[in-house]
Every structure is written in structure tokens, then in C-alpha cells.
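This report is a guided reading of one structure, meant to be followed with the sequence and the coordinates side by side. Please keep both in view while you work through the headings.

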Amino acid sequence: MLKEADMRHEAEGGTGGADRGDGYNFAYLDEQTKRMIRRAILKAVAIPGYQAPFAGREMPMPYGWGTGGIQLTASLLGRDDVLKVIDQGADDTTNAVSIRKFFRRTAGVETTERTAEATIIQTRHRIPEQALSGEQILVYQVPIPEPLRWMEPRERETRTMHALEEYGVMHVKLYEDIARHGRIATSFDYPVLVGGRYIMSPSPIPKYDNPKMDGCPALQVFGAGREKRIYAIPPHTSVRSLDFEDHPFEVQRWDGCCGLCGSDRSYLDEIILNDAGERMFVCSDSDYCRARREAGHSGPMAAPARAATGDA
Amino acid sequence: MYVAVKGGERAIDEAHKLLDKERRGDPATPEMGVGQIREQLGLAVDRIMCEGSLYDPELAALALKQAQGDVVEAVFLLRAYRTTLPRLAASLPVETEEMDVRRRISASFKDLPGGQVLGPTFDYTHRLLDFGLLGGERAADLPDAPAPDASGAEEEGGGNRLSGIASLLAREGLAEASEDDGSVPGDLTRDPLVYPADRSLRLQALARGDEGFVLSMGYSTQRGFGSGHPFAGEIRMGGVEVEIAPEELGFPVALGEITLTECQMLFKDTGDAVRPPQFARGYGLAFGRCERKAMAMALVDRALRVQEFGDAVKGPAQDQEFVLSHCDNVEASGFVQHLKLPHHVDFQAELESLRRLRASRESRKDDAAKGEEAC
């Protein structure tokens, strides 16, 4: 979050010219670009769920690997921020490691794995299990921002549909699922209605996470780098997962619990243990799982406390 | 006993070391210098500058070295660098009519003022591997440049300035004239692309677009998925001066020379109430010696002018959302390859969903079986 120090930094001329060595600006992007992105964020916040176009830049990571989220984070970061980066809910997945390293290198900000300590959390595919506060910003990486894309490939059409609130096709699609399969088969990237107006893609988070978006005190911003769109859910905004009266929205459930921390109220990853197909479930949110284990909780497959904390 | 997978950071560092090692190859072979790449792999360097949309042969050569010869990766490196550069000024439009021509051919006329200048081209080579190059440099690798007057291009002094085909035909009104309507061309590196995109934006996207993609799109228009029969009116390659006109000076200052390849494709247009019968034009322009790219771009440019000419829509090359949204190889390569990233959370969601669907299908079957028994 932008603090006084950064204002000063900007006043001092920000980027200067990029030379061929390591002459990159704080958090990589030049100040002009950051301002452009912040303007797009403000627009997105002012119109919840609306996809604001922005002049996305090439980043030193490939498109589809979080360039939208990275640009948002780069323009939101101030020197006092504490950054957490997760992918699939975990801090130690390769892409999360790489993005965290990028910001450590280009911004020198403090990073953390603890959800509660972070002021900015960049995520791919998950919302942390621990409830977020009003002091935090959740930055989502988005591959395809347009929820209507699979029904209508043309941008001109979909923008018109949003403008006219013409969302019939989406309901028809969900209804067809029910007619064909007896239930809505969409399990992630499950469309939501934001602030009673715009249908929005929550990014490919499992629908398990959808309810966490509703009324969330943290600002949620979404960046699609390749598609050059930013959208947002301001704090305390209603986010409703689309459903029907006779087929209400429901989330994933597991019969078991986390093998390590024993939690029966977190999103679980399935792990195949051997060729015989034996499997176990563990929390996808690595920080949540760690915190529970540290607090003394233990699941049926937990290793003795000392071995579990070792770096494999 | 299960211990959660950890250790991504060290694995990444080690992977980078391996990559470095692979890049260097066998240390017994001499290391390639960036200068050697720039001078001896010039066409790759040109393509990287073109799609990287940054004219800097040295950095393009560096990118190619760093990318181990992977051109798309090198384009990406150059783009990622380009994006950090401040924009100091916009140049004046370059005058390709004033080009110091090193190659200029027309397929539409047997001869034309200034003549056909073949220049350096693969066109009439026999594609036979030259095993002589295996053994290193030969005397024949360093030919004397042909005398300038041998090409017949240098006339009336003043370099190789040749009138373009478009202006030659425009005198008779037979080719679409180029008009400056004074509008400021768009810039998709500064503003998000919104559809419909005007011609300046389309040309910009095509110029940065992947050569393979643009080539195939252009090719498709020749095979019935597009618009009419093209003639290569003119292809020219050579140096042009880049100038800026700083406001405080009030006159233009030359910054230097860059090599460009330009292509004017001609398409017969029988005209209508508004347009007289004439040749419509498709335009291609590329950094360096990128002739294939410039030609393909010109074909696609014309195909995308579908509304202007009221063409029947027959193929994807005429659909600007299809072409412009998919021509950028940095975007395409990134998104295709992001499938390598872990997706296990969504996969888990799908597993759960499939299991439920299977369970309800089973129970429906059971119900149906019971129903039949009951009958």
C-alpha cells in the first residue's frame, strides 16, 4: 500500500532511465506505469465486478504465469508492505517461490508465509482459509477474466452483454448442467454476481472458496495480464454465486480430514502415496495447516512433530 | 509417513544452474560472442527485433545467446527489457520512399524505374547444404560487394532512392492512394487493445506478431479463406533515417539509420458507388530483413479490411479478434506453457465433481433397474 515514503520516491523522479545493468525501479515497473495501473484499479473499485481495460505491460515472467497479479502487486507495494505469495494455497509451490523472489529482489520488501502478517497477498487458485482483515489486499492472478467467454468468444459481444446486463446465456449454461447431469458441474471458476450488478469470474479458485469473497473486509483485486483487464471487489461487497432456488449453490465436501493437521474444514489436496493407489488428503493452504500443527492439532497421517517441520 | 513436499526454492536455483550449463554446451568448443551472433545470425537477430519491437541488434543478439537460440524466448527477453524503457520522443514517420535500397523487387512489372534490385536473397539459391561451410571460413565467404552500378539502381546520384510502386500507380489513380487523415495512430503498448481496432493498431499488432502465425494466416487467405488474389506490387529492403523533431528546436534531427523491409501487396478492387475501380493495397513493414513476415503481414492487413471492402467473410484471417488476440507469441507462449504450473487445486475440484457425478449416475441406474423390476 502506498505510503509517504513512496510519494517522496516518486517526487524524486522514480525510475530515472533504465540502464542495462540492474537499473530497475522499485518493484520493477516505472512510476508512470504504476500510476496507470492504479488508475485502472480505482476504476475497478468504483465499479465492482467490471473489467477495466488497462495497458498491461510485458513482464519478465511469461503470460499466464501471473503477470496480471504481478503488475497489480508491483503498483500496490509500498516499502513497508509485507508480501505473501501463494499458488494452489501453498507458499512453497514453484511459481509462488519465483514471484516472491522477484519482489524480494526488485522491491526489497519483507515477505512472509503467515497469512495474518501479510498486508498484500498475491494468490493463484485459492483464497486463504484464515479470514482476511480490512488491512489486507488480496491480489488474484487471472487467466481468462471474462466469465461469458465460453459462451461467446467475441469481446465486442461480451462487453455489450455486460453493459446491457444480458446474462441469460450464463443461466442457460448452468441450467443445461442441471438438465444433463442433475447438478451444476462447474467446480472452479464458478461465476459470481458482484454487488448485484456484474457477473464476474472469481478466477479459477475452487467454488469452495467462493463464499469467502462475500462481504470480505479486505480489498480483492484481480489482474489479467495477457487479456489486459483489472477488476475488483471492494471491501464489504456482496458476492453471490449464481444458482437456482431448487438447486442452491453448494461447495465441495470431503469425507475425511487433513492427514497432517486433522482439519475437517479446509480445502484438501489429494495425495497418492504409492503405486497401489493409497492416498491421503492434506490442507491445500500450507500456512493454515502449519499453524494448526503448531497449535498442537494432529491428523491421522502426521509424522512425529520434529520430522514434519524438516525441509525435505 | 508423509511429509508435505517442500523445497521449491533450491530446486529452482539448481534448475537455473543446469540451464546455464546447457547454454554453454561443451566447453571444449569456443564460446560464441554476441558480436558473432549479431553479424552471422543476422536474420534471427532481425526477427527478434521485429517481434520484440525494439530495434537494438546487440541486445537482440544477447537475447538469442541467452535463450540458447530459442527465438520466441529471445523475443520475450527483449520485450521484457523494452517495457522498462522510458519513451523519450516519437519519431517523425519514416520515409520508405527515401530508403537507401539494398533490395527492391516488383512481381507486378517486368521492369520499373530503378530496375529490379535483387540484393541479398535466398530466392534463387538451390537449397543444397553447402558442406564447404562445415570446415570453417573459405575465401569465397568474403566476396567483394558488387559494384553499385551493376544493379542498375544507382542513377542520378543521391543514393538508391527509388519511387515506390504505390506512388507510381497512384499517378494514374490505379492504386489506392495513401492519405494522411491527421489522426494519431494507436499504440497497443500504451493503451489496451479494444475492439474494433483501427488499421494503425492492426498493423502494429501484426508487425509485433509471431511470424509463423502471421505467415499461416496470410497463407490461408491464398487458399480461399480470404480476400482475392494478391500481387506483390513491391518489396523493398534497406536503410531509412529515423528523425525526431524536438519542439524546442523546431527542426528535425536524425537519430540514425535502421533497416526496414516493406511490402506493398496489390488486390484488384472492381469498385462500387464510392470507390473507383483500382488496386487496393495491403501493407507490411518489418524491422530488419524480414521479408517473409512483411509479405504475410500485407496479406493479412488486406484480409482484415473486410468491412471497408464489404468482403464476404470466409476465414479466420478476416476476423480481427481472432487474428489480433492470437498473433502475439509472447502472450501465446506464456499461456500455453502455463499449463505446466500446478493445477492440483482445480484438479481436486474436478475429481470431487466427477466422483459425485458418477455416484449420482450409479444411483439413477439403480433406481431405473428397480423401476423395471417393479413393472
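## Terms and source

A residue is called buried if 20 or more other C-beta atoms lie within 10 Å of its own, exposed if 12 or fewer do, and partly exposed in between, with the C-beta atoms placed from the backbone. Helices (H or I, at least four residues) and strands (E, at least two) are DSSP runs, numbered from the N terminus.

This is a predicted model, in which local features need pLDDT of at least 70 and side-chain atom pairs count only at pLDDT 80 or more, while totals for chains, interfaces and linings use all residues. Residues are numbered from 1 along each chain as its sequence is written, and chains are lettered from A and ligands numbered from 1 in the order in which they are written.

## A buried helix in chain B

In helix 12 of chain B, which covers residues 329–337, the buried residues are Asn329(B), Val330(B), Glu331(B), Ala332(B) and Gly334(B). The cover over these buried residues includes helix 3 (42–52), helix 5 and helix 11 (320–326) of chain B; here contact means that the C-beta atoms of two residues, placed from the backbone, lie within 7 Å.

## The sheet of chain B

In chain B, 4 strands form an open sheet with antiparallel pairing, in the order 1-2-3-4, where two strands pair if DSSP finds at least two bridges between them. Strand 1 (100–105) and strand 4 (278–287) of chain B stand at the edges with a single partner strand each, so one side of each is left without a neighbour in the sheet. Neighbouring strands of this sheet are turned against each other by 20° on average, direction ignored; axes are lines fitted to C-alpha atoms, for helices over the stretch in contact, and angles run from 0 to 180 degrees between N-to-C directions.

Strand 3 of chain B (residues 253–269) runs antiparallel to strand 4 of chain B and is joined to that strand by 10 bridges, and Phe267(B) stands opposite Ala280(B) in strand 4 of chain B. Helix 9 of chain B (residues 291–303) packs on the sheet, where it touches strand 2 (230–244), strand 3 and strand 4 of chain B, and its direction makes about 140° with that of strand 4 of chain B.

## Residues in loops

Thr96(B) lies in the loop between helix 5 (71–82) and strand 1 of chain B, and it counts as partly exposed because it has 18 C-beta neighbours inside 10 Å. Leaving aside neighbours within four places in sequence, Thr96(B) is in contact with Gly164(B), Arg236(B), Val240(B), Leu260(B) and Glu262(B). A cis peptide bond, with omega about -5°, joins Tyr195(B) and Pro196(B), and Pro196(B) lies in the loop between helix 6 (165–170) and helix 7 (199–208) of chain B.

In chain A, Ala27(A) is not a glycine and yet has a positive phi, near 60°; Ala27(A) is buried, with 26 other C-beta atoms within 10 Å. Glu165(A), also not a glycine, has a positive phi of about 55°, but Glu165(A) counts as exposed, with 10 C-beta neighbours inside 10 Å.

## Where the chains meet

How many residues of chain A are in contact with chain B? There are 60 residues of chain A in contact with 46 residues of chain B. Helix 4 of chain A gives the most to the side of chain A that touches chain B, with 4 residues.
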